[in-house]
There are 2 protein chains.
Amino acid sequence: MPDPKQTPMAQVLREAGYKLTQPRLAVLQVLEENAAGLNPETIYALGRTLCPSLGLVTVYRTLDLLNELGLARRVHSEHHCHSYASAGSDHHYLICESCHRVIEFPCHGLEALLESVRMQTGYVISAHLLELSGLCPDCQEHPAESA
Amino acid sequence: MPDPKQTPMAQVLREAGYKLTQPRLAVLQVLEENAAGLNPETIYALGRTLCPSLGLVTVYRTLDLLNELGLARRVHSEHHCHSYASAGSDHHYLICESCHRVIEFPCHGLEALLESVRMQTGYVISAHLLELSGLCPDCQEHPAESA
DNA sequence: CCTCTTATTGAAAAAAACTTTCAATATGAT
DNA sequence: ATCATATTGAAAGTTTTTTTCAATAAGAGG
Ligand SMILES: [Mn+2]
Ligand SMILES: [Mn+2]
Ligand SMILES: [Zn+2]
Ligand SMILES: [Zn+2]
């Protein structure tokens with residue numbers, strides 16, 4: 001595994017002027033290593049294996065920070081409205097309802113819909129949240145398992 | 001205003017076998033009369049003007065119920081992840097970032113995007129959450145006000 | 001490397017959000 | 001009008017999130 005201080009996400013933190021502290025790097029690493037939306041408590045538990053002194057407060061603070069920097073985003077799936085996942089460039093999540101794995105997808109082809117809504121409502125549309133859910137290939141094959 | 005027991009939403013409740021109690025009708029009416037995402041506490045405050053004995057517990061219970069029946073949906077906008085709005089037939093919300101007014105819009109034209117994501121990922125997609133945000137016509141004209 | 005400034009941290013306490021429990025009540029069927 | 005019971009709200013309990021603040025560690029500059 002690469003040096004946690006040299007990952008692209010760490011670079012963004014550094015360039016924004018934030019210190020690369022152990023607790024922050026632990027949260028970052030947890031998000032990067034888990035392809036799933038994780039709630040603060042889970043991030044806290046996993047993070048402590050990387051940085052035993054990590055506090056839950058810092059998890060909350062770091063999630064806020066990563067969210068501001070666009071390095072992580074909230075996942076809103078029906079029963080996990082308080083999860084976060086690391087964010088690459090696409091910023092749209094596709095969530096497996098069985099194993100809760102989360103992947104990003106590029107959001108192309110929304111323009112016509114947005115324009116149609118703009119015309120019908122008069123709203124100027126500046127942002128959108130699009131989240132898809134379903135079954136990942138693994139869970140389609142092995143309906144009972146989870147990962 | 002129409003008899004609260006005769007609104008289309010009330011009918012759905014009745015037909016599903018639930019009693020049309022004053023507290024429930026109050027929550028329902030608050031959601032119908034406010035074109036905005038409202039959090040439980042606000043619904044509670046507004047609801048008490050219609051049904052003074054209303055308890056916050058009942059607000060939570062009623063929101064769950066309305067959600068199950070499809071009569072209300074959660075609104076996930078960035079800073080109000082715990083708001084609810086009444087739901088008609090479209091189930092997709094367009095939120096004004098200034099006055100927080102919420103309207104529904106029909107979501108057509110997503111099929112190509114969904115198919116493309118399915119092909120690229122192998123996920124079977126069974127649901128989607130699409131929420132738009134921007135400025136309503138009023139707030140475009142009067143940038144500072146709110147409603 | 002050291003030194004120093006200060007951003008960042010975690011424990012603890014506080015606040016907010018939500019749920020459970022249960023006796024009292026209102027609803028709607030009869 | 002009567003009655004069975006679904007529903008209610010107060011209170012207590014639990015969980016989640018935020019605030020506070022003294023101690024610490026990052027990293028800039030020497
Ligand atoms: Mn997009
Ligand atoms: Mn949400
Ligand atoms: Zn899966
Ligand atoms: Zn507006």
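Biologist: Which strand of chain B do the bridges join to β5(A), and do the two run parallel or antiparallel?

Modeller: In this predicted model, β5(A) is joined by 11 bridges to strand β5 of chain B, residues 124–135, and the two run antiparallel. Within that pairing, A:Glu131 stands opposite B:Leu129 in β5(B).

Biologist: How many residues does each chain give to the contact?

Modeller: Chain A brings 40 residues and chain B brings 40 residues.

Biologist: How much area do chain A and chain B bury between them?

Modeller: The size of an interface is often given as the accessible area lost when the parts come together. Here chain A and chain B bury about 3,000 Å² between them, and carbon and sulfur atoms account for 63% of it. On chain A, 21% of the area buried against chain B comes from A:Leu113, A:Tyr123 and A:Leu129, more than from any other three residues.

Biologist: What does the rule find across the interface, in salt bridges and in polar contact?

Modeller: For salt bridges the count between chain A and chain B is 0. For polar contact, the rule finds 14 residue pairs, both residues at pLDDT 80 or more.

Biologist: Which elements of chain A each supply at least two residues of the side that touches chain B?

Modeller: They are β3 (93–96), α5 (111–121), β5 (124–135) and α6 (137–141). β5(A) gives the most, with 12 residues.

How values were computed. Residues are numbered from 1 along each chain as its sequence is written. Chains are lettered from A and ligands numbered from 1 in the order in which they are written. This is a predicted model: local features need pLDDT of at least 70, side-chain atom pairs count only at pLDDT 80 or more; totals for chains, interfaces and linings use all residues. Side-chain values use heavy atoms; hydrogens and water are left out. Contact means heavy atoms within 4.5 Å. Buried area is the accessible area (1.4 Å probe) that two parts lose on being put together, summed over both. A salt bridge is a side-chain nitrogen of Lys or Arg within 4 Å of a carboxyl oxygen of Asp or Glu. A polar contact is a pair of N or O atoms within 3.5 Å; within protein, one must be able to donate a hydrogen and the other to accept it, and residues adjacent in sequence count only if both atoms are side-chain atoms. Helices (H or I, at least four residues) and strands (E, at least two) are DSSP runs, numbered from the N terminus. Two strands pair if DSSP finds at least two bridges between them.
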